[in-house]
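Welcome! Please take a moment to look over the sequence and the model, and then let us walk through a few of the contacts together.

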Amino acid sequence: MQWTILGAGAIGSLFATHLLRTGQDVNLLDTRCARQHASHPMMLELLDGSFCMCELPCISHQAVSDLTLLLVTTKVWQVIPALEALVGKLPHSCPIVLLHNGMGPEEWLLTHFPQNPLLTGVTSCGAFKKDPHHIKHTGLGETWLGALNEAGTHYQSLIPPLANALGHAAWSDQIRERQWRKLVVNAIINPLTALYNQPNGMLSEHQAEVNALCEELHPLLIAESFTEPVTAWCEVIFKVAEQTAQNYSSMQQDLAHQRKTEIDYITGYLLQQAEKIGIKLPLHQDLYLKIKKLESTFTT
Ligand SMILES: NC(=O)c1ccc[n+]([C@@H]2O[C@H](COP(=O)([O-])OP(=O)(O)OC[C@H]3O[C@@H](n4cnc5c(N)ncnc54)[C@H](OP(=O)(O)O)[C@@H]3O)[C@@H](O)[C@H]2O)c1
């Protein structure tokens, strides 16, 4: 099995270098440029502060018909444009694994690659790309994969090499539930920390706002078959915020660096799901519009 990584940013480079150093066959694909370098040197800075130099092979568009496994680690809003270039070119035997925050591209994937084994995942690993050739592993985390279609259920064999490379990886038969749980945490921590421009620990000073956002979301969560009371959701959010108190959320970082955020696939996805069943989320809508307004000052 050869791992092709589409989107060698922070998470993609972290996975690529860890897989490579544990003996896996790994290469990088960029669907935006036709000409590729033969390889991409990457220094992996490990959690203990040591370094490991890796040479990541790059493959060209011509090689797409030979792919055996595609791991997509772009930002969520880049997934569809990145994969559009592969429609009709990727062999039907090639599994596609999505690994991003937010939800939404799964439905597009099921429609456009119906014959491929399709999987999705969530990860709480932390990585920071210091420069194009230097990836810093910033936090151990859990990585869960699960199937999006029947063909995807046959790829539990991806778990041992991932677990060996990352320290943790596991299979989930309830991957959609895991995605939803992460989505809810992200939908509260990310926009609030981005708007207040503060690290995650700030949530403890905004308890009423967090409680109100959870309460508003609760009918949608019940409709999605989550049975726990609203207080349980609040507790999870405050716990994550406390455990990551010094960290800046990805949305805060994106806005601070004038980059497009993942809000359309986090809060935007929740708003779409709520609208489908006639639930109104005015507080979340307000957060969404505020982030979009800030984003519009530097995106076209
Ligand atoms: N970083 C973390 O610690 C972390 C932790 C958990 C989850 N996540 C999630 O993981 C996802 C990726 O995050 P990230 O921090 O790794 O983002 P990132 O650093 O921006 O990485 C995305 C990479 O994909 C590249 N890309 C975009 N379109 C491409 C294409 N068509 N072909 C090849 N490469 C393409 C981007 O290149 P350009 O920069 O040139 O556009 C960028 O290098 C996000 O959903 C994020 O929320 C991140």
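Four aromatic pairs turn up here, where rings of Phe, Tyr and Trp (its six-membered ring) pair if their centres lie within 6.5 Å, with planes under 30 degrees apart counted as stacked, over 60 as edge-to-face and the rest as tilted. This is a predicted model, where local features need pLDDT of at least 70, side-chain atom pairs count only at pLDDT 80 or more, and totals for chains, interfaces and linings use all residues. Residues are numbered from 1 along each chain as its sequence is written, and side-chain values use heavy atoms, leaving out hydrogens and water.

Two of the pairs are set out here.

| Pair | Geometry | Centre to centre | Angle between planes |
|---|---|---|---|
| W180 and F226 | tilted | 6.4 Å | 45 degrees |
| F226 and W233 | edge-to-face | 5.4 Å | 80 degrees |

Helices (H or I, at least four residues) and strands (E, at least two) are DSSP runs, numbered from the N terminus.

Together with Y269, the residues W180, F226 and W233 form one aromatic cluster.

Now for two helices. The axes of α1 (residues 10-21) and α4 (residues 159-166) come within 8 Å and cross at roughly 95 degrees; axes are lines fitted to C-alpha atoms, for helices over the stretch in contact, with angles from 0 to 180 degrees between N-to-C directions. F15, H18 and L19 in α1 meet P161, L162, A165 and L166 in α4, contact meaning heavy atoms within 4.5 Å.

Finally, some strands. β3 (residues 39-45) pairs with β4 (residues 51-59) in the antiparallel sense over seven bridges; strands pair if DSSP finds at least two bridges between them. S39 has P57 in β4 as its bridge partner. The hairpin of β3 and β4 has five residues between the strands, and G49 in the turn has a positive phi of about 90 degrees. β3 also pairs with β9 (residues 134-139), in the parallel sense over three bridges, and L44 has I135 in β9 as its bridge partner.
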